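Let's take a walk through this structure together, one region at a time. Keep the viewer open as you read.

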Amino acid sequence: MRRYTKVVIVIAVFAMLAAACTQGGGETTTTAAPTTTAPTATTAAGEGTTTTEAMMEAVKTGVGITSEPCPDGNPDRGCIYLAIIDDETGPFAATAPALVGGQKAFWAVTNAEGGIGGEFDVAIPDEFVKDGQYKPDVTVQQYTQVADEVVGLAMLLGTPQGIATLDSLNADNTIAAPMTWWSGWTFESVDHGLVLEFGTSYCFEGMNALDWAVGAVPAAGRDAVAKVGILKFPTDYGNDYAVGVNEAAAANGLEVAWEVPIIPVSAGGDPTQAEAVAQVVSDPVDVVFVVSGPSELAPIVGGAAQQLGADAPIIIGAAPTWNPGLMQTAAAPAFESGIYFQSAFTGPWDYDSVGHEKMRTALGDVPGNFFFVAGWESQYAIRAALQAAYEAGDLTKAGIAAAARSLANVDYDGMMPSRSFAGDPNDVAPRETLIAKVDTSATDFTSVAQDFFVGPTAKAYNFTEPCAAP
Amino acid sequence: MTQFLQATVAGLSLASIYALLALGFVLIYKSTQVLSFAHPALMVFGAYFVSYFAVTIGLDFWLSLALAMALTALLGAVIERLALRPMVGKPLFSMAILTIGLDIAIRVVVNDLIGLNLRGVGDPWGFSTVKLGDVVIETRVIAMFITAVVVTVALLLFFRYSKVGLAMRATAADQEVALAQGISVHRIFALAWIFGGALAALAGMFTSTGPAGLSPTSWIVALKALPAIVVGGLDSVHGAVVGALIIGLAEGYTSTYQATAMPWLGSNFSQVVPYLVMLIVLLAKPYGLFGTEEVERV
């Protein structure tokens with residue numbers, strides 16, 4: 001009897017350990033009975049809710065996935081958990097509600113359309129939305145808090161922050177959607193194939209912006225472009241874009257007269273941008289590229305228009321510089337005067353695409369903004385990776401990471417061109433850019449001036465390494 | 001010459017903003033001996049409500065400014081009553097740290113109110129300019145300068161000739177003696193925060209005019225007032241103004257001339273200048289140009 005008691009105790013201890021491991025996040029195998037799925041992993045999951053006999057085999061799952069439903073989720077489905085590391089108290093704190101709002105709305109629609117394979121909903125609970133403060137060390141700390149609770153990061157904000165987190169992501173096989181457009185994310189040698197970036201990089205955007213200006217500026221009755229200037233944040237953002245502009249300038253035989261760093265207002269920079277304005281005024285160029293935020297853009301455009309009048313140059317801002325609130329400032333007449341254009345990797349809020357329409361419907365009566373659009377778009381590749389992993393029968397982190405590395409033709413519902421993640425960066429890196437103009441009748445005051453295109457410089461560019469250091 | 005005058009105008013524009021902010025700092029410090037790090041939050045709080053009343057609701061701009069100043073003054077009074085009065089008698093360092101916490105807490109709320117988009121304050125100046133010879137001056141800069149002069153003169157007269165002003169000076173000099181003279185120290189503290197709050201709102205409104213608008217990063221400007229009050233002396237009204245003039249003009253001239261005269265210093269050196277001037281002044285005059293030197297028994 002005593003012998004049986006010992007055996008029972010040993011078995012009980014093993015059972016408890018096994019149970020603890022299951023809840024504690026170790027990679028385990030559970031069986032599920034998939035009954036629905038999308039047609040392929042590379043198309044929108046929402047389109048596929050048809051029953052497929054082939055999917056009736058077990059799906060391996062691991063940390064970040066439960067057989068219990070998501071909070072407020074479909075009771076018949078399991079739950080895949082994602083986390084977000086945003087900036088709630090740093091320089092981009094104001095963007096957090098829109099970015100996270102776009103991301104959560106995307107998954108709400110995905111879940112309503114069938115989730116992942118009709119068997120899992122995807123959730124980003126509030127407790128998994130972490131404030132990285134836009135600091136690399138805090139971002140890494142916040143990641144470690146959720147690493148064993150989620151299958152991936154629906155957002156990882158900032159290039160230095162993403163770079164700092166890469167080793168941890170790699171150790172855990174955690175995929176992440178970055179909220180940065182640094183050209184280095186295209187390289188598996190940099191991001192281990194775990195970072196699923198979206199949109200054209202700053203670098204190609206800069207090339208296309210200048211290529212477009214070379215044709216559009218004289219077409220608008222101005223002199224042909226001969227000299228350009230660059231005002232940029234001295235970060236990966238500014239440097240990456242500037243490399244693109246320099247490449248296009250060289251290809252078109254133009255002079256980059258000056259390339260001046262500007263300090264963000266959020267970092268103590270001059271809110272009047274007097275030096276930047278003085279640069280534009282004192283050394284005239286035909287086109288100025290501004291790679292900054294809205295707070296810096298307004299005084300530059302306003303100051304240039306005020307001091308130079310009809311001689312003010314064409315000013316092209318990089319995607320993150322625009323904010324509809326600019327039209328509430330004293331610089332609004334300058335923006336409306338036709339001297340300002342916006343290069344972007346995506347269509348503005350009112351853009352005519354299936355994805356934009358879905359997004360607008362899902363988000364309802366929000367103030368239309370680039371950040372809602374970016375938040376929404378950032379999730380397509382994550383969804384495609386989850387869908388592909390599900391169809392491969394392996395939703396463990398390793399399985400999802402493997403699926404992410406081999407994604408092809410991820411579809412963005414027309415919000416921007418589809419793209420692949422598997423293959424040589426020179427072949428798969430998106431190179432399309434859209435040019436927007438100020439339009440007071442549009443929701444976010446911008447509309448399309450030139451739909452997606454690839455300029456000759458970007459088309460010919462041999463993309464073998466990141467354009468600029470992170 | 002035109003370039004020099006234009007640089008002077010740019011410097012005076014900055015000096016006017018710094019002076020309005022510095023006066024709020026000094027007003028509170030002069031009466032309570034507390035260096036209020038909550039001033040940036042009060043500034044954006046005031047600016048937000050100018051924007052809310054004038055742009056969102058559509059009230060008259062001047063009425064909106066008055067309402068926002070009143071609200072910010074009320075917030076100052078609440079801060080004094082609920083957070084600082086219980087701290088009376090505690091080390092001044094602790095009270096200063098407390099204001100840092102208040103600043104962060106209030107800014108989080110205000111940033112949420114400001115939201116994602118830049119906001120205008122509906123001011124009447126816009127981007128309009130006047131031309132004096134070859135020098136172009138924004139009308140909002142003229143308004144800022146006149147306001148700074150009027151507020152400075154009013155405060156100097158207030159401290160010199162009004163009963164409350166004298167009571168504030170007495171309280172700052174020695175709270176116990178002031179109490180013995182029948183001065184309500186608590187009332188003086190509250191008044192200092194009320195006036196400081198109203199001035200912060202006024203400065204916040206001006207920083208949000210022009211193309212910059214009001215954004216969650218607007219509060220940073222208030223930090224530039226710190227070198228001004230340190231240069232002028234923490235407890236001196238005219239010192240705050242002189243400090244603001246020195247800092248503003250130094251920044252204005254540097255941003256105009258440094259790129260060509262001393263390019264080896266790199267870009268944006270003008271942003272370093274306020275702190276450089278502050279360091280130099282502190283080395284020569286540790287209590288600032290017009291600050292009261294502390295006399296300690298040893």
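Rings of Phe, Tyr and Trp (its six-membered ring) pair here if their centres lie within 6.5 Å, and planes under 30 degrees apart count as stacked, over 60 as edge-to-face and the rest as tilted.

Before going on, a word on the ground rules. This is a predicted model, in which local features need pLDDT of at least 70 and side-chain atom pairs count only at pLDDT 80 or more, while totals for chains, interfaces and linings use all residues. Residues are numbered from 1 along each chain as its sequence is written, chains are lettered from A and ligands numbered from 1 in the order in which they are written, and side-chain values use heavy atoms, with hydrogens and water left out.

Over all chains, the structure holds 40 aromatic pairs. One of them joins B:Phe49 and B:Phe53 in a tilted arrangement, 5.9 Å centre to centre with 40 degrees between the planes. These two residues sit four apart in helix H2 (residues 39-57) of chain B, so about one helical turn separates them. (Helices, H or I with at least four residues, and strands, E with at least two, are DSSP runs numbered from the N terminus.) Both B:Phe49 and B:Phe53 are buried, where buried means under 20% relative accessible area, exposed over 50% and partly exposed in between, with a 1.4 Å probe and protein chains only. B:Phe158 and B:Phe159 form an edge-to-face pair, at 5.5 Å and 70 degrees, and they are buried too.

Now turn to chain A, which is divided into domain 1 (29-200 + 351-428) and domain 2 (202-344 + 431-460); these bounds come from an automatic or database domain assignment. The C-alpha centres of the two domains lie 31 Å apart. Across the boundary, 16 residues of domain 1 are in contact with 19 residues of domain 2, contact meaning heavy atoms within 4.5 Å.

What lies between these domains? A nonpolar core is a set of buried Ala, Val, Leu, Ile, Met, Phe, Trp, Tyr and Cys residues joined through side-chain atoms within 4.5 Å. This one has 145 residues, and those with the most contacts inside it are A:Leu231, A:Ile316, A:Phe335, A:Leu386 and A:Leu395. Apart from it lies another core, of 90 residues, among them B:Val9, B:Ile17, B:Leu21 and B:Phe158.

In chain B, have a look at helix H12 (residues 273-284). At 1.5 Å a residue (times one less than the number of residues), its twelve residues should span 16 Å, and the end C-alpha atoms are 17 Å apart, which agrees. Buried in H12(B) are B:Val273, B:Pro274, B:Val277, B:Met278 and B:Val281. They cover an arc of only 140 degrees around the axis, so they are on the same side of H12(B); the arc is taken from the directions from the helix axis to the C-beta atoms. On the other side, B:Leu279, B:Ile280 and B:Leu283 are exposed.

Finally, visit B:Gly196 in helix H8 (residues 185-207) of chain B. B:Gly196 counts as buried because its relative accessibility is 0%. Not counting residues up to four places away in sequence, B:Gly196 touches B:Gly24, B:Leu27, B:Ile28 and B:His39.
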